[in-house]
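Please read the points below alongside the model.

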Amino acid sequence: MQRFATRRGICGTGVQRWRRCLSQLAQNTEENEVYVPKIPSFDYSPPAYKGPTAEEILRKRKEFLSPSMFTFYKKPLNVVHGKMQYLFDENGRRYLDAFGGIATVCCGHCHPDVVKAIVDQTNQLQHSTILYLHHAITDFADALASKLPGDLKVVFFTNSGTEANELAMMMARLYTGCHDIISLRNAYHGNAAGTMGATAQSNWKFNVVQSGVHHAVNPDPYRGIFGSDGEQYAKDIEDLIQFGTSGHVAGFISEAIQGVGGIVELAPGYLPAAYSSVKKAGGLCISDEVQAGFGRTGSHFWGFESHGVVPDIVTMAKGIGNGIPLGAVVTTPKIAEVLTRRSYFNTFGGNPVCTAAGLAVLKVIEREKLQENAHVVGSYLKDRLCALKDKHEIIGDVRGSGMMLGVELVTDRHLKTPAKTEILHVMDQMKDMGVLIGKGGFFGNVFRITPPLCFTKDDADFLVDVMDYSMSK
Amino acid sequence: MATQRNLLSRSLQAAKSRCRYHQSLRGISSAAAPELPPFGYEPKPYHGPLADQVLEKRKKDKEVHLHSVGASFLDIPSQDPPPAALNIVEGKMQYLFDESGKRYLDAFAGIVTVSCGHCHPDVLGAIVEQSKLLQHTTTIYLHHAIADFAEELASKMPGNLKVVYFVNSGTEANELAMLMARLYSGNLSMLALRNAYHGGSASTIGLTALNTWKYPIPQGEIHHVVNPNPYRGVFGSDANQYAEDVKDHIDHGTSGQVAGFIAETIQGVGGAVELAPGYLKLVYDIVRKAGGVCIADEVQTGFGRTGSHYWGFETQGVTPDIVTMAKGIGNGLPLGAVVTTPAIANVMAQKIQFNTFGGNPVCSAGGLAVLKVLDKEQRQKHCADVGSHLIQRLRDLQQRHDLIGDVRGRGLMVGIELVTDRKEKTPAKAETA
């Protein structure tokens with residue numbers, strides 16, 4: 001059968017469908033011949049692992065680590081080695097990494113260029129703080145700022161997304177002299193006191209004081225009350241400001257595509273309208289690019305660009321360093337100036353090793369055209385997932401952009417009842433077959449696909465075939 | 001009122017130099033300037049950007065904050081041109097090298113952070129090896145590095161302190177500790193010492209009690225008690241009087257029940273201020289009676305730095321409920337940790353508490369290597385030996401120079417306070433700079 005990829009296929013709207021020859025899977029049950037998808041070949045053998053086994057590690061985790069720490073899978077996986085888009089367990093078995101350490105490993109596990117930058121710099125100087133000069137931080141800040149539009153060119157380095165968002169929220173409050181911040185229901189922005197306030201899912205919110213945050217109706221095209229009508233949702237922002245605040249706010253923070261919330265794309269037209277209301281109320285617009293940034297969405301480098309807006313503050317982490325602990329806040333000189341009123345200092349932030357790695361990451365993304373790859377392979381993958389949706393009732397929605405995709409499982413398409421147990425079963429099955437996929441969403445029923453951006457079409461095929469197989473069982 | 005700027009802005013925290021007693025015979029009377037101890041190592045040739053170029057980039061609209069922070073830290077208002085900044089390009093053990101290959105004795109260690117020594121071979125080896133295997137997957141999968149490191153770290157703790165949470169900085173660690181205190185106790189009020197530094201995020205700014213670092217934002221219910229500062233404090237070294245102030249705050253400023261109390265045993269940013277002896281014992285008792293938990297911020301004092309003990313709190317003969325650490329824990333790796341009891345950890349289990357980078361294989365491997373180096377090279381004892389020698393020499397210096405108002409600290413966490421008038425204790429700000 002002819003196979004061709006469609007660009008940005010939208011499921012079920014008359015886009016030409018195609019069937020890959022492997023759709024023979026659908027006929028397997030009749031033909032009594034079970035085709036088991038095979039992981040794409042990869043010319044690499046992992047070094048032998050002689051460390052502790054999964055059981056030993058689990059025992060130690062139970063005794064010495066947080067009791068709220070969780071693992072995926074009935075039988076937690078001991079991942080000991082990574083290479084590009086693959087991970088290896090203690091037995092040397094290879095898996096396709098479709099989660100990327102939660103949208104974090106963007107260049108690929110142990111990408112040679114990034115590793116080299118880390119190793120070279122570690123051999124030279126790990127840490128001295130910004131009290132002294134070092135070129136790595138300035139080179140990276142320069143390169144990073146050049147990726148941002150408008151007047152966004154002052155960079156603050158932190159060690160995580162939480163720290164970045166905390167700083168962004170504090171800057172907005174200082175700049176405006178107001179305290180109220182608006183975030184979206186279903187958002188995730190971090191786990192410290194301020195960011196926990198902005199985070200809006202009860203699973204992540206402890207019973208402690210979280211002041212000054214108002215949670216707007218989520219412009220969720222799949223579950224939201226107004227469907228895909230972005231402007232209608234944005235009216236809630238206006239409403240919140242008029243009735244819940246003094247009329248002036250510190251700011252608004254959102255992810256362009258909600259990550260932890262289950263890869264929820266904000267309804268089209270939402271952000272421009274929301275930004276407009278917030279700016280009218282004197283507030284700053286913060287774009288949380290922790291997951292969507294660095295080319296992951298394929299069509300643009302930053303998630304906010306696909307909404308046609310320019311924020312006042314951009315926060316980033318995760319993919320920025322391919323897994324090294326690093327975060328950043330980029331803003332305008334005018335806004336940055338508020339921090340000069342006192343001293344803000346981050347001991348580890350901007351250290352030579354992390355910034356050297358960050359710079360290497362930017363270069364890899366550019367040289368290997370990872371954004372374009374995310375676009376091409378991501379679109380292809382999304383099309384195949386849409387086709388899978390036609391086949392399996394359990395798939396309620398397929399959404400996302402580039403290599404930030406979500407597949408929502410429901411037991412009833414009409415009622416959209418979350419398939420909370422079924423997803424665990426499918427996920428486990430997929431792991432047994434060699435695919436490590438992510439999970440999220442408020443109900444925990446959304447597959448999150450955020451692989452390293454070097455993911456190929458063969459990988460995409462394998463992922464979908466394995467999902468198909470697992471769902472068919 | 002002494003602020004951080006009025007004290008010597010850098011506590012003299014010497015790196016591990018060898019004991020050279022005969023040097024004490026040379027002194028200011030000698031014509032020859034002291035020489036750096038010999039060090040059989042040549043820095044690699046440097047071909048990167050020079051100081052001017054780097055500074056240019058830092059100022060040019062980008063990172064404008066870096067310039068201002070540097071200036072404020074040095075207690076010099078933003079000048080043009082700014083004070084000469086040093087381009088540090090390489091480090092080896094207790095020495096740093098600038099762009100021209102000149103060697104410097106690093107007496108500050110990247111702010112009490114480089115514990116084993118710059119580019120210590122064992123730590124470096126662990127980092128490099130793990131970086132080649134696996135940088136990051138998160139704790140949703142298993143990996144031995146985090147488990148091994150947690151086990152080793154827990155073994156260094158007294159009492160029931162054995163559940164470890166890994167984070168990426170001291171700020172994150174103290175944020176988490178505060179959350180734990182409030183959840184476990186069900187109370188709101190936190191108590192912290194004036195002159196303390198606990199972090200730079202909105203909430204930890206509340207705990208921090210030095211106006212230079214406090215932005216004008218709401219900081220929740222935090223009470224700053226009188227600092228038990230033997231040199232400048234109103235009660236000298238009388239711990240009982242200072243502890244009374246804590247009780248006073250609780251009785252009058254709170255509902256009578258508190259969430260917790262946090263303190264550094266030797267205040268770092270605040271100028272190497274040792275808490276008056278016996279203070280913590282008294283205060284811990286008061287706080288616990290009021291339903292609160294006791295948090296020891298070991299970000300600077302931990303890992304044997306004080307010489308006499310592994311942890312700063314041990315010098316005061318107490319066992320906290322929560323211990324936070326960062327800086328020296330990873331010899332410069334972005335790593336922090338919170339260690340607490342199973343009872344407190346169980347309360348945390350009611351919701352998901354997750355840190356994406358926290359406990360990653362590379363930082364955990366680095367952290368474990370650090371613990372091993374500290375043990376193998378008997379660094380705690382070394383801190384005690386060299387530290388007491390250093391402090392003695394500084395005390396001798398104090399006899400000769402009126403400018404030195406106070407010499408304090410222990411192990412390799414030492415402070416020298418400069419004053420223009422010993423009686424008035426007028427801070428010698430310009431002289432220090």
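The points that follow cover conventions, the interface between the chains, and the sheet of each chain.

1. Conventions. The model is predicted: local features need pLDDT of at least 70 and side-chain atom pairs count only at pLDDT 80 or more, while totals for chains, interfaces and linings use all residues. Residues are numbered from 1 along each chain as its sequence is written, chains are lettered from A in the order in which they are written, and side-chain values use heavy atoms, with hydrogens and water left out.

2. Extent of the interface. Contact (heavy atoms within 4.5 Å) joins 104 residues of chain A to 106 residues of chain B. The buried area is about 9,400 Å², and carbon and sulfur atoms give 66% of this; the term denotes the accessible area (1.4 Å probe) that two parts lose on being put together, summed over both.

3. Four salt bridges are found across the interface of chain A and chain B, where a side-chain nitrogen of Lys or Arg must lie within 4 Å of a carboxyl oxygen of Asp or Glu. A:Asp139 forms a salt bridge with B:Lys57, with 3.0 Å between the closest N and O atoms. On the side of chain A that touches chain B there are 59 nonpolar, 33 polar and twelve charged residues; Asp, Glu, Lys and Arg count as charged, Ala, Val, Leu, Ile, Met, Phe, Trp, Tyr, Cys and Pro as nonpolar, and the others, Gly among them, as polar.

4. Sheet of chain A. Seven strands form an open sheet with mixed pairing, in the order 4-12-11-10-7-5-6. Strands (E, at least two residues) and helices (H or I, at least four) are DSSP runs numbered from the N terminus, and two strands pair if DSSP finds at least two bridges between them. Strand 4 (154-158) and strand 6 (213-216) of chain A each have a single partner strand, so one side of each is left without a neighbour in the sheet. Strand 4 of chain A pairs with strand 12 (residues 327-331) of chain A in the antiparallel sense over five bridges; A:Val155 has A:Val330 as its bridge partner.

5. Sheet of chain B. Here too, an open sheet of seven strands with mixed pairing has the order 4-12-11-10-7-5-6. Its edge strands are strand 4 (163-167) and strand 6 (222-225) of chain B. Strand 4 of chain B is antiparallel to strand 12 (residues 336-340) of chain B, over five bridges, and B:Phe166 stands opposite B:Ala337.
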